[in-house]
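Welcome! Here is a short briefing to read alongside the model.

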Amino acid sequence: MNPKTISIIGLGYIGLPTAAVFASRKIKVIGVDVNQKTVETINRGQIHIVEPDLDMVVHAAVTNGYLRATTQPEPADVFLVAVPTPFKGDHEPDLAYIEAASKSIAPVLKRGDLVILESTSPVGATEQMAAWMAESRPDLTFPQNHGEDSDIRVAHCPERVLPGQVLRELVQNDRVIGGMTPKCSAAAAALYKIFVKGECVITNARTAEMCKLTENSFRDVNIAFANELSVICDKMGVNVWELIKLANRHPRVNILQPGPGVGGHCIAVDPWFIVSAAPEEARLIRTAREVNDGKPEWVLNKVRLAVAEYLQSNPGKTAKDTVIACFGLAFKADIDDLRESPALEIARKITVAHPGRIYAVEPNISALPDEFKLTKVELIDAEKALIHANILVLLVDHTPFKTLSSARTSSQIFVDTRGIWKA
Ligand code: SAJ
């Protein structure tokens, strides 16, 4: 495939890096986003998200004239939809962004165009997207009713890159390509081969949709196993971190790491799309979600017990005199992303419940999120927190936290949710 122009709809954590990588291969890319500020930032050659090296690639793409952003879709040969798919109140997938994107590109579609859905989606979403476009453009034919000979080709190709390593994984990872017809798949595979060094494996749209949901559910279920083990081991007085290291020496055992819960906008969301489609059958997947979602409450109880223990060994002190420091707010190590972060949720709940001083240590941000304004939480550096806090709560295994253990004093009580501090 040799497209002259590619349009990327949604310039977020997936859309922007993808746009920049296509542009770096000297293809004209039109990025479309509903947010005017995002569009202006990108057109200045800057970025609105944090991802290693992305600023350089975007700056080069814009300066060289290959990448331009706009709020209104324009004609192109390929449209790549990378918009969010959150869930609604009862964990049902919310396709509103995909619907809006489909309806916004429909007026500029022309015969021969290829439309690819990259957003993580429930099974059937690609067909639904094609139906929305067909509704708006009765003058064009689509694969659902014209098969191989349709004017417009439609495919699902889920993104699978790890935040923090997006630029490397975009190029190196294998891609699952699910066209609505074999011709759609072939066109999409040819497109990705422009920059993908991994294999482009062809299947149908529904299997590709389920594949992405399966990958994230697999990880969620495995983290839930580790989280459940951590709760069981705590009850039994067994060190779960040592236990997992030992068990993982078995050639067919590979247990993941327990933590304060599962965060981010993917693993804590996508399994619900399976549960919502098969509520009776998806028993393990639902339970894993519940186990992981229950972990922050368990950690909060540990913090309450730590405060009680501190007060017991320091007669005359009150909870108001007790200083708690939370180490880490991000949803995982060495990133600044606070979205759906269990660490942030725990810090927020400590802030509500604890009458004393609270420190937050988060080396990857320069200011606390707005919700902490007007609260007693103070963003300080790790050294200061280690001097002044009585209770240390380790929530994220950021690299700089790993060596802090030796600086603790024996009177400080700690709650280590990541197993990186020595007892
Ligand atoms: N976590 C643990 N223990 C572990 C591993 C992770 O508690 O052993 C926690 C993390 O702290 C974090 C959450 O799980 O809160 C998710 O982190 P992650 O690194 O497992 O995954 P994400 O959300 O950053 O990215 C995932 C990836 N999916 C898989 O690895 C199967 C990525 O490849 C996907 O592209 C991404 O979701 C997505 O966009 O769907």
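In which sense do strand 7 and strand 8 pair, and over how many bridges? Strand 7 (residues 175-179) and strand 8 (residues 200-204) run parallel and pair over five bridges. This is a predicted model, in which local features need pLDDT of at least 70, side-chain atom pairs count only at pLDDT 80 or more, and totals for chains, interfaces and linings use all residues. Numbering starts from 1 along each chain as its sequence is written, and side-chain values use heavy atoms, leaving out hydrogens and water.

- Gly179 has Asn204 of strand 8 as its bridge partner.
- Strands pair if DSSP finds at least two bridges between them; strands (E, at least two residues) and helices (H or I, at least four) are DSSP runs numbered from the N terminus.

- An open sheet with parallel pairing has the strand order 11-10-9-12-13.
- Strand 11 (377-379) and strand 13 (413-416) are its edges, each pairing on one side only.
- Strand 12 (residues 391-394) pairs with strand 13 in the parallel sense over four bridges, and Leu394 has Asp416 as its bridge partner there.

**Around Val238**
- Val238 sits in the loop between helix 9 (205-236) and helix 10 (240-247).
- Val238 counts as partly exposed because its relative accessibility is 38%, and partly exposed lies between buried (under 20%) and exposed (over 50%), with a 1.4 Å probe and protein chains only.
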